[in-house]
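Please work through the exercises below with the sequence and the model at hand. Each task is followed by a solution in steps.

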Amino acid sequence: MSSERELGGAAMAAAVVVGIDGTPASVRAVRWGAREAALRHAPLTIIHAFGIPDAFYGEAMPPGTWLRSRQQASQALLEEAAVAATSAHLGLAVRTESSVDAPIPMLLQRSREARMLVLGSAERGVLGDLLSGSVIGALSGHVECPLLVVRGDDSQPADAPVVVGVDGSPANAPAVALAFEEASLRGVPLVAVHSWSDADSEQVFSAARAEFDFEPLRDTENRVLAEALAGWCERYPDVAVSRVLAKDRPRHQLLEWCDKAGLVVVGSRGRGGFRGLLLGSTTYALVHHSSCPVLVVPSR
């Protein structure tokens, strides 16, 4: 069941998609999703998937009274969310969708065509519960579009920088690209953070270091950071870029920067690992503990 508000004439393709569950966190997610859509002149789709309870599994159809009640409640949530989105961004094209499908499969399916998927941080509620425990991997590790997890309390100033975690791997390149785009759209600086640890065997024996084994590790990591940013500064001359190089665990550095950032951008996978390991430990830590919104960018 869906409805549309064609306020700007924008096509419904490549929409920013927001999943809501009626919690305060999902209200923030709608605001952030509407802003992302408006910045990109893209439409916004707001989804509420309430699912059929386990008690009705195996039945041909849940009791009509229950279903009508849930549909009405769902439509009310969506209407309220649509009003909030359009009141903040006049002219924004908004589509709403209510579904009896389970939230995770529905959101994963929508991510195949969405420009971005936006969810509130972990709280009690249908979609809020998705961001706790092992289920985080089903979203952050498997969505096919960038996933914005709205955390924190919006206390950062409007000019707070976008911070991107850089590891120099090919899988990290889409995160760097989107971080530059976000900083440009927002008109804020970009902080590129690259950290390393002597305890990280994959870094110490990386291909990048093997070719230059005569240089100190810090020089190698400085080169890795420079190469990861190469070309993007020229493409986005309006973005002021600060480079941070630190001998530290990446998640520790990025969690510290969360207190100063308006947004932290990371890849869904780390430098190493295998395809089955779809969510890196640094990204997992940020999604659960960041004090500001986190944008997880798939390597695909």
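**Exercise 1.** Determine what average pLDDT the chain has and where the pLDDT is below 50.

Solution. The average over the chain is a pLDDT of 82, and 77% of the residues score at least 70. Residues 4-12 have a pLDDT below 50, and this stretch has 24 contacts in the model beyond near neighbours in sequence. Residues 123-135 also stay under 50, with 39 contacts beyond four places in sequence. Where pLDDT is low, the predicted coordinates should not be read in detail.

**Exercise 2.** Classify the packing of helix α1 against α5 as parallel or perpendicular, and identify the residues in contact.

Solution. Begin with the geometry: the axes of α1 (residues 24-40) and α5 come within 10 Å and cross at roughly 85 degrees. Angles of 65 to 115 degrees count as roughly perpendicular, so α1 is roughly perpendicular to α5. Next, list the contact: α1 contributes Trp32, Arg35, Glu36, Leu39 and Arg40, while α5 contributes Leu178, Glu181, Glu182, Leu185 and Arg186. Finally, sort these residues: six are charged, four nonpolar and none polar.

**Exercise 3.** State how many aromatic pairs the whole structure holds, and explain which parts phenylalanine 180 and tryptophan 232 tie together.

Solution. The search finds three aromatic pairs. One of them joins phenylalanine 180 and tryptophan 232, with 6.2 Å centre to centre and 25 degrees between the planes, and this pair is stacked. Phenylalanine 180 belongs to helix α5 (residues 173-186) and tryptophan 232 to helix α9 (residues 232-235), so the pair ties together parts that are 52 residues apart in sequence.

Terms used. Residues numbered from 1 in each chain as written. Predicted model: local features only at pLDDT ≥ 70, side-chain atom pairs only at ≥ 80, totals over all residues. Heavy atoms only, no water. pLDDT = per-residue confidence, 0-100. Contact = heavy atoms within 4.5 Å. Phe/Tyr/Trp six-rings, centres within 6.5 Å; stacked < 30°, edge-to-face > 60°. Helix = DSSP H or I, 4+ residues; strand = E, 2+ residues; numbered from the N terminus. Axes fitted to C-alpha atoms, helices over the stretch in contact; angles between N-to-C directions. Parallel < 35°, antiparallel > 145°, perpendicular 65-115°, else oblique. Nonpolar A, V, L, I, M, F, W, Y, C, P; charged D, E, K, R; others polar.
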